[in-house]
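Colleague: I have not seen this one before. Can you put it up and take me through it?
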Amino acid sequence: MDSASREAYDGMHGYDDVRTAPRALATEAVHAGRDDLARQGLHAPPIDLSTTYPSYDSRGEAARIDAFATTGAEPDGPPVYGRLGNPTVARFETALARLEGTEAAVAFASGMAALSAVLLVRASMGLRHVVAVRPLYGCSDHLLTAGLLGSEVTWTDPAGIAEAVRPDTGLVMVESPANPTLAEVDLRAVAHACGSVPLLADNTFATPVLQRPAEQGARLVLHSATKYLGGHGDVMAGVVACDEEFAGRLRQIRFATGGVLHPLAGYLLLRGLATLPVR
Ligand SMILES: *Cc1c(COP(=O)(O)O)cnc(C)c1O
């Protein structure tokens, strides 16, 4: 690619204004989450299938687990136990965060597990009310409508969001383009209408190749990684790209409720990301 088309490409992908991501998207897709490999003399990322890690100081490890349970901050050194974190899954999380232009990402066993964790984070803060715009993916609609996690939903159109927000509103949720109708919403306008309430944008159908909702004001970017991120029909997974503060809370919920992603799935997703821009 000559320098003019490189510039056009980078501009198209928003890379001239993403401070944390100076590389072009297609470059990030093959390098993010793998930057240490060459130093280690590796090409393919290792798959760490450990559920537990060697224990040398049980009191210290108990303290690290307690610290993780209360802050969700990633522990230094080995994860102690597979429900706290996994190095292979962390590579996928790093890569997806780079592609979405967010500080962090937290992966789950499915897209629905990821959405559940977001709702639980907010409910645990006493913010059970959700404002949502239809159409949403069928099971997301079902989860909110049935109130299975104790949430209460108000359905509205984008123009009605500001009016629907209450003091106990913990989340505004939209999906754009929606599955399967491809209905779209103006994310920037919606983010503005949310005020201080976090906006969750389900970006499953667009993927970060076509749209990065965090740049438009969404605090949370949800993916069913089962779809395009995986891309080969052999992985179920979900992921939320967000700021580090929200990521810590999501890790706390993931640790306490157990919706972790299997390391092999983490590997397959990282492999899927490599071809996402060409697909
Ligand atoms: C599939 C899908 C989900 C749910 O994800 P699972 O991985 O099936 O749990 C959520 N949102 C959208 C847009 C989807 O297509």
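Colleague: Which side chain has an N or O atom 2.7 Å from an oxygen atom of the ligand?

Modeller: That is Thr226. A polar contact here is a pair of N or O atoms within 3.5 Å; within protein, one must be able to donate a hydrogen and the other to accept it, and residues adjacent in sequence count only if both atoms are side-chain atoms. Lys227 also has a polar side-chain atom 2.6 Å from a ligand oxygen, and one of Asp202 is 2.7 Å from a ligand nitrogen.

Colleague: How much of the ligand's accessible area does the protein cover?

Modeller: 95% of the 380 Å² that the ligand has on its own (Shrake-Rupley method, 1.4 Å probe).

Colleague: Where do the numbers come from?

Modeller: This is a predicted model, where local features need pLDDT of at least 70, side-chain atom pairs count only at pLDDT 80 or more, and totals for chains, interfaces and linings use all residues. Residues are numbered from 1 along each chain as its sequence is written, and side-chain values use heavy atoms, with hydrogens and water left out.

Colleague: What is the mean pLDDT of the chain?

Modeller: It is 92, on the predictor's per-residue confidence scale from 0 to 100. Of the residues, 92% reach 70 or more, but pLDDT stays under 50 over residues 8–19. Where pLDDT is low, the predicted coordinates should not be read in detail.

Colleague: New topic: how many aromatic pairs are there?

Modeller: Two, counting Phe, Tyr and Trp (its six-membered ring) with ring centres within 6.5 Å. Phe68 and Phe255 have centres 5.6 Å apart and planes at 85°, so that pair is edge-to-face (over 60 degrees; under 30 is stacked, the rest tilted).

Definitions and conventions: Contact means heavy atoms within 4.5 Å.
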